[in-house]
Amino acid sequence: MTTPSPRPDNAGPDRDDPKDQQLEPARVDLTDTRLTTQQGVRVDHTDDSVTVGERGPTLLEDFHAREKITHFDHERIPERVVHARGAGAYGHFQPYDDWLAEYTAARFLTDPARRTPVFVRFSTVAGSRGSADTVRDVRGFATKFYTDEGNYDLVGNNMPVFFIQDGIKFPDFVHAVKPEPHNEIPQAQSAHDTLWDFVAMQPETMHMMMWLMSDRALPRSYRMMQGFGVHTFRLVNARGQGTFVKFHWKPLLGVHSLVWDETQKIAGKDPDYNRRDLWEAIESGQYPEYELGVQLVPESDEFAFDFDLLDATKIIPEEQVPVRPVGRMTLTRNPDNFFAETEQVAFHTANVVPGIDFTNDPLLQARNFSYLDTQLIRLGGPNFAQIPVNRPVAPVTNNQRDGYHQHAIHQGRTSYVKNSLGGGCPAATGEFPEVFSHYQEKVEGHKIRRRSESFKDHYSQATLFWNSMADVERDHIVAAFRFELGKVGERAVRQAVVEHLNQVDHELATRVAAGIGVPAPDQPARPNHGRSSPALSQLNTAMDSVLSRKVAVLVADGVDGTAARKVVDALRGHGAVPEVLAPTDGQVRSATGEDLMADRAINTMASVLYDGVVVAGGAESVQALAADGYAVHFVAEAVKHAKPVAALDAGVDLLTTAGVRGVDLAAGDGVLTCDQGVVTARTNGVVPPDFVTELVSALARHRAWERDTAAIPA
Ligand code: HDD
């Protein structure tokens, strides 16, 4: 009942692409096998150690027990120092056409006949491996393209800017945001003194802090968030000419977020919320899709902007340089083994292929060192590229030898170039774009340790972001600053952050100050420039799909089963995922003769795990639900979180019981209403087509932000 059928146009599970074929020999299937040691010796007993007599000491010679325990003792590897919590999936990328060939020699971006296998890992940043998914945080969006020319890694985030400008500050920033070192509190939270102290001392963080306090930090799904390469990179065409580029991923389902109260509850109800969502969507054939787009800037325009292209705390507003579509990525296959694949995947910003190159962005330059370095400690030696998930599909032929966990058996006497004894192989020959050749940028200067003057405007784009938000988005930002700063013990730190906010916008600073018990600034620190970029608001995202949206249909014995089933079928027909919830699991008796099976008991779930709620009709059913505190709270909470809520016949009364006020509800027979995302009908068991249409359109809009939810206690 919960599994939607695959979309007819999806591209299949990539079970036979070159990467999948390469992984196949590494897969181990234990079906119909017998238990052995690591040495392949069969054993018939693994429940008791070898002892002297039944109650005597264990013998050292019990190699099976020792091997089993020793292996267990060594099962853990260091978690990633950042982005420790994540989820991954395989899929493919395919360009739409070849227009980008004018700018890049990278064939996987320009040959529409090429379908390049990918592995993507999404992550949170601050939390440990076992932390909750739905915390306020940046999300990592790292893509490994297994191209025919070698691996290309686009290691991005779901926000287009970063906290700092120079990688030398990264350890400071991460130390500040991670749990405080003396007591390791708080886990996966930015709401604590050291992070905000860092922010107050480092105003280049301000633009990113606006993003972090916005709804972008609370994605509904990894499938509903953007991805950004963040840095300005460089494309290089076959003639060796360079063009600046920013990479964008745009989810086809639109960009949608949870609300803060909801995320905190989900963190307890289902800490694997985003991970589960990705897994289930792929298992059910609802393959996540993202469009890759690029913003291109000719080198001649390097200084045409009022910010520095090398500064990773800045965006290029889309209205200034449009994002041009390049191709589409579809994720079609879950990994077989989390540790082997998702944990061991090793991304590196310096994994580039001919046609893509770096710029002198000092954040990127540091990353180009850090990622390789971190894999050495994390994966235990220099041969991690031989781990199946990391292996390129392009051949690897070089003289790098030995080291821990060397899997290749290199033949021959020579392990050096140049050689004559090995026939001169592997031959270091070829010309760009067959071989990678570093972009020949002319650079000269003195060795200095100094931030560029062109990096020093820390506020204008933070203001641009604030100006671009809709009212509800601004309300959420103010509430987030109040929450976070309200958790900061040091009032001087709160005050210092408010002073920075006053540089961004006076109203913002005043509203935040009013909630955290510090004086508001008397006047603006600088005038608001008044510019905005509509593309930054999530209210301008795609809102035309209910694919994979989860809807709870609340029923109890005595339900109008015929109508409930019609709603379930209609929602499923639109690609949504309805689930029938009843006070107890199992069979539900229907008043109309058609019994229903409950998918789950209401008290094992919560409204925060659904995108919308439907209360089915049937007087007896609604009475039972009204007497069940879980059910009433379920509805009230969905209303509180501005979710689409619908009710049929007697079900409308449950909305009133749950405290729905100020919304037009169907009051008499034959009436259908749709107001502020609340759809109700009293039509005596008939499901009017408009009921479903209105519900689907409310679900596609995601939330009814116009609903006043302040007084609802949930
Ligand atoms: Fe980083 C992991 C994204 C700045 C050092 N980073 C990591 C991951 C993502 C990003 C998505 C997880 C990869 C995975 O799933 O395995 N990082 C970013 C972005 C940045 C950024 C978008 C700024 C634009 N990172 C950054 C800097 C440094 C690092 C400035 C160091 C100077 N990042 C690392 C790391 C990690 C990492 C320590 C931890 C685990 C890993 O690399 O493989 O090397």
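## Around the ligand

Helix H9 supplies the largest share of the shell around the ligand, with 6 residues. Helices (H or I, at least four residues) and strands (E, at least two) are DSSP runs, numbered from the N terminus. At least two shell residues each come from strand S2 (116-124), strand S3 (139-147), strand S4 (150-157) and helix H9 (362-378).

Which residues come nearest to the ligand? Of the 26 around it, they are Arg80, His83, Arg121, Gly140 and Gly167; a residue is near if its C-beta atom, placed from the backbone, lies within 6 Å of the molecule. By class, the shell has 13 nonpolar, 10 polar and 3 charged residues. Here Ala, Val, Leu, Ile, Met, Phe, Trp, Tyr, Cys and Pro count as nonpolar, Asp, Glu, Lys and Arg as charged, and the others, Gly among them, as polar.

## About the model

This is a predicted model, where local features need pLDDT of at least 70, side-chain atom pairs count only at pLDDT 80 or more, and totals for chains, interfaces and linings use all residues. Residues are numbered from 1 along each chain as its sequence is written.

## Domains

The domain assignment, which is automatic or from a database, gives domain 1 (86-390), domain 2 (459-540) and domain 3 (550-700). Taken over C-alpha atoms, the centres of domain 1 and domain 3 are 38 Å apart. Their contact takes 7 residues from domain 1 and 4 residues from domain 3, two residues being in contact if their C-beta atoms, placed from the backbone, lie within 7 Å. On the domain 1 side, 2 of these residues are nonpolar, none is polar and 5 are charged.

## Two nonpolar cores

Let's look inside. A nonpolar core is a set of buried Ala, Val, Leu, Ile, Met, Phe, Trp, Tyr and Cys residues joined through C-beta atoms within 7 Å. The largest has 62 residues, and those touching the most other members are Val553, Leu554, Val555, Val613, Ala616, Val635 and Leu655. Another core, of 58 residues, lies apart from it and includes Phe173, Ala217, Phe465 and Phe481.

## A closer look at Glu180

You can find Glu180 in the loop between helix H3 (170-177) and helix H4 (193-201). Is Glu180 exposed, partly exposed or buried? Glu180 counts as partly exposed because it has 14 C-beta neighbours inside 10 Å; buried needs 20 or more, exposed 12 or fewer, and partly exposed is in between, with C-beta atoms placed from the backbone. Leaving aside neighbours within four places in sequence, Glu180 is in contact with Ile185, His192 and Thr194.
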